[in-house]
Amino acid sequence: MTRPAVSIAVLDSAGAPCELPFDIRQEWTAGSEGFWTVSVLARYAGLTETEANLRASTGILNAPDPWWLIPGGFYGQNRPEGNDRVFPRFGIGATGAEDAERMTSNAWEFRADRTATPAVFAWGGAGLGGAAMAASENTALGQTGVGFAHDSATGSASIHLTFPYREGPVSYYGDDVARPALIETYRWTPGETIELSFTVHELAADRHAYAPVLRTIRESTPTRLRPWVSVDSAADLTAEGLLRWHYDPDPGILLETVGFDRGVSGRDGKSVDRQAMHVGWISGIPWAYALLRHGMRRGLMDEVAAGKRVIDFIAGNLSPSGTFWGTWYRESGWTQSWSVIKRGLHSRTLAEATLFLVRALALRPDEATWSRAVRSNLDAVVARQRADGNLGSVHHAETGEVLSWAGSAGLTWVAALAEAA
């Protein structure tokens with residue numbers, strides 16, 4: 001593979017490239033195929049202190065329709081164009097202030113602590129290869145930043161690492177209000193020398209090419225785990241917590257959220273607990289299955305009974321369309337999933353509940369209600385499958401009509417179908 005070219009730019013306090021007197025040297029070390037470690041030695045030769053960042057970047061010349069990946073932070077365009085919920089989105093040619101206020105831009109950069117791994121990946125488009133860069137979360141210059149940019153006029157893209165970080169064009173705080181960009185700089189003193197290290201990777205066209213890169217990064221920076229309890233103790237504590245705090249035998253539920261400050265609030269607990277349960281995702285069958293399995297393994301019949309009661313309650317109350325419901329509320333009973341689509345049941349929630357019901361059924365194969373619920377869910381979704389294989393993302397609770405085919409939520413049905421078969 002051809003070694004990507006990496007340029008090191010000096011940015012002033014406003015973020016613009018500048019001609020400050022720096023002596024910067026790169027040393028490359030080849031690793032596995034398509035992987036290099038770059039060591040940078042940067043010496044500031046100015047006569048007075050100055051605020052500046054260093055930015056390492058590499059370009060992708062053939063990128064008409066780029067695809068981005070920042071682990072845990074940004075995927076593809078990140079927000080579908082028709083999605084009304086505002087959060088960072090990539091848009092080809094989006095450069096204006098109004099675009100930025102709507103959190104749409106052709107270039108984004110983020111602090112490393114917003115990512116699962118401080119790395120940025122880019123592919124030129126469908127069937128095109130790309131490149132990746134990664135660094136440690138913190139260096140001698142402070143916290144690292146990761147970012148990317150696209151030039152629609154030339155059809156080229158670039159990715160970069162910034163030391164220390166810069167965030168822009170706006171900062172995202174979890175709501176729909178764009179905050180001012182965050183800027184961190186480093187104060188250089190005359191004659192100061194800093195060493196940096198990062199990795200550069202050439203990517204094949206397969207978008208799963210990120211996996212070996214992340215594996216290489218993990219293996220090169222091992223982290224020692226220091227668990228304060230054993231796995232067995234952790235399982236015991238978790239099961240006890242589910243049974244003591246989340247389980248309510250009336251009518252047979254695992255509450256999604258319970259208060260931990262009952263003594264402080266002086267209330268009885270139920271008034272601070274959220275009286276709701278999803279069938280999957282953040283409560284419901286997956287957790288009831290875990291409680292059931294742990295109880296069977298440890299011979300704890302209270303846990304077995306609680307897990308079974310929750311599963312019985314969910315499996316015995318299917319929606320008119322043949323699948324599970326999405327959510328149960330104490331005041332109103334069974335209803336749709338968390339969705340702006342009226343009467344919509346979210347595919348991933350239903351599929352996850354079905355998958356773990358299949359696993360529970362393997363522990364107790366004589367549970368007829370469970371078996372009927374598995375078959376009903378799988379028969380319903382297979383009957384709705386589109387010719388291209390799409391299993392739908394949102395289903396109508398009463399009619400079974402697929403209300404949305406967008407996204408990848410339906411993929412979880414693949415696991416349920418395969419395991420049931």
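## Strand E11

In this predicted model, strand E11 spans residues 130–135 and is mostly covered, with six of its six residues buried. Gly 130, Ala 132 and Ala 134 point one way from E11, while Ala 131, Met 133 and Ala 135 point the other way. Residues pointing in both directions are buried.

Strand E10, residues 119–123, pairs with E11 in the antiparallel sense over five bridges. Within this pairing, Ala 119 stands opposite Ala 134 of E11. The two strands form a hairpin with six residues between them. Gly 125 lies in the turn and has a positive phi of about 155°.

E11 is also joined to strand E17, residues 193–203, by six bridges, and these two strands run antiparallel. Here Met 133 stands opposite Val 200 in E17. Met 133 is one of the buried residues of E11.

## The sheet E23-E24-E25

A further part of the model is an open sheet of three strands in the order E23-E24-E25, with antiparallel pairing. Its edge strands are E23 (344–346) and E25 (402–404), each of which pairs on one side only. Neighbouring strands of the sheet are turned against each other by 40° on average, direction ignored.

Strand E24, residues 394–396, is joined to E25 by two bridges, and the two run antiparallel. Val 394 has Ser 404 in E25 as its bridge partner.

## Helix H7 on the sheet

Helix H7, residues 347–363, packs on this sheet and touches E23 and E24. The direction of H7 makes about 55° with that of E23.

Key
Residues are numbered from 1 along each chain as its sequence is written. This is a predicted model: local features need pLDDT of at least 70, side-chain atom pairs count only at pLDDT 80 or more; totals for chains, interfaces and linings use all residues. Side-chain values use heavy atoms; hydrogens and water are left out. Two strands pair if DSSP finds at least two bridges between them. Helices (H or I, at least four residues) and strands (E, at least two) are DSSP runs, numbered from the N terminus. Axes are lines fitted to C-alpha atoms, for helices over the stretch in contact, and angles run from 0 to 180 degrees between N-to-C directions. Contact means heavy atoms within 4.5 Å. Buried means under 20% relative accessible area, exposed over 50%, partly exposed in between (1.4 Å probe, protein chains only).
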